[in-house]
Each structure stands twice: as structure tokens, then as C-alpha cells.
Amino acid sequence: MEITSKQNTYIKEYRKLVEQRKYRRQSGFFACEGAKLAAEAINSGCELGELAFVTANAAQKYPDVINLLSEKCRIVTVSDEVADSISDTKSPQGIFITVRHLDKILNLSTIDSSRQFIILENLQDMGNIGTIIRSCDAFSIDGVIIVGECADVFAPKTVRSAMGSLFRLPIYFSDTEQAITLLHEGGFTVYSAELSDRSVRLGDEQFPDKTAVVIGNEGNGVTDTVKRLSDKSLFIPIDSAESLNASVAASVIAWELHRSRV
């Protein structure tokens, strides 16, 4: 059987997962598109939804991925037109799955067993969030903590930008003040990424064994709450540009954290 109608109930539900943050939260699943991400999700042990939508061309082009999917969910063939209607990319590969939410609640047991965190506060660019998750995975950061009014970690653009790292790196959700309080209770030194009178230069600072760094909003930086509760602030020395993109800054800091522990 092939689904050829864009109004099919399953197709309409998948489209809601692509388009609506509220529905992703209500359902407990998020949309994931493409052969590589589908394989990454399976190999990382993620729980998939009941159905996977696949075009005939994709079934021929990615047989290994289809075999992996067939062990986890039911394969449903869709027409190219239907695939185009649910795709969030310009050149869809023709493989569409759903994955159960991976977010975790931050608690002391998590903090006690970890050494380094990057905290994202009020970041609005989904590409930035995905790129930071990817960098933190690459540099063995123990987890990313999402606080404040950040863009959705499970939006399609964020999922694509993270390039599979979203399935491996622990992502925690918390209130700003609660997160920093828990980190302090767990023995962490918390830095805010900002330029101020008390800022220390990245590269000169000897990071403590347990360190967390807060990256603030792209335009406004960290909030007053973070400034008040953090132990120190941190700045990246640059020569000519006025500032760095949030994802670039977070990646540089993640590298320095990684370098401090190896």
C-alpha cells in the first residue's frame, strides 16, 4: 500500500510534529528526516514511533537504513508528492521517522556524576542550538542544560543542525535559578559568558574539575539572574570583529573545557 494523499491521517499527524512545538510536547515525539539521522537514531538506541514513511526511491537508494528501520517500526510507502508535503528540507531523501523526546530532568544524581556542562539561556536560533549540541558532543561535554525561553531543541532545523549528536548527548531542561543552584550544590563553578569588569580571559583561566558555562541570548547575552548567581564571567579574546556568533563562542569554550580535562 502507498499513501498518495496529503490529507491522510498519519501524514497530517506527522506534519503537525514538523510544524508545531506544542504538539511535539503533547505527543512525546518529534519528527526526524533523512537516511543518516534515521540510522543515527537507531544506533543510539532511541525509541521510534510506530511508523516510518519511505518513498520508493529511498527504499532502493538506502536499503541498509530501511532494513534497520524495519526492525524497529512499520515501513509505509509514500508518494514523492506526499514526501514533499511533509519534508522540511529543499531536497528530501524520502525517509521520515518519529523519535520519542530525549529530554531529561536535571537533578543532583546527574550533576554528581558529571564534570562539565554548557548551559543555554534564551537562545532563539535553532541552528545555533543544534550546532552547539554537535560541538559539545564532539568535545565530550557531559551535557547541555536548556534554561529560559530557548527555541525548541526538537524542531526539525535543530535536529538537522545537531547532525545526530542530539541522540547521544544528554539534554536537560530546567529553570535558570534552579539549574545554577543545583550545580552549586553539586560542587560546580558556574561561569557566565560575558564581557564585564570581573571577566576572566578564556585561555588564562584554569577551569576547576567541575565547571559549567552559561551561553546567553544572541542579542542580549546572559540575564541579570545569571550574572547574579554565577561565580565568574568569561570572555573570548578576539582581534577585530565586534563579537562571535553564539554557536561559535560556545564551540570555542567547549573546546577549552575539553582541553582542560585531557
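Here are a few friendly notes on the fold and the aromatic rings of this predicted model.

1. Ground rules. Residues are numbered from 1 along each chain as its sequence is written. In this predicted model, local features need pLDDT of at least 70, side-chain atom pairs count only at pLDDT 80 or more, totals for chains, interfaces and linings use all residues, and side-chain values use heavy atoms, with hydrogens and water left out.

2. Overall build. The chain holds 12 helices and 13 strands, taken as DSSP runs numbered from the N terminus (helices: H or I, at least four residues; strands: E, at least two). Its C-alpha trace spans about 65 × 40 × 35 Å along the principal axes. Of the 262 residues, 52% are buried (under 20% relative accessible area, with a 1.4 Å probe and protein chains only).

3. Aromatic pairs. The count is eight, where rings of Phe, Tyr and Trp (its six-membered ring) pair if their centres lie within 6.5 Å; planes under 30 degrees apart are stacked, over 60 edge-to-face and the rest tilted. Y191 and F207 make an edge-to-face pair, 5.4 Å centre to centre with 80 degrees between the planes. Y191 lies in strand β10 (residues 189–193) and F207 in the loop between β11 (199–201) and β12 (211–215), so the pair ties together parts 16 residues apart in sequence. Both Y191 and F207 are buried. Elsewhere, Y14, F53 and F96 form one aromatic cluster.

4. Charges over rings. Here NZ of Lys or CZ of Arg must be within 6 Å of the ring centre and within 35 degrees of the ring normal. K16 has its charged end over the ring of Y23, 4.1 Å from the centre, and R25 lies over the face of F173, 5.0 Å from the ring centre.

Methods: Buried < 20%, exposed > 50% of the residue type's maximum accessible area, 1.4 Å probe, protein only.
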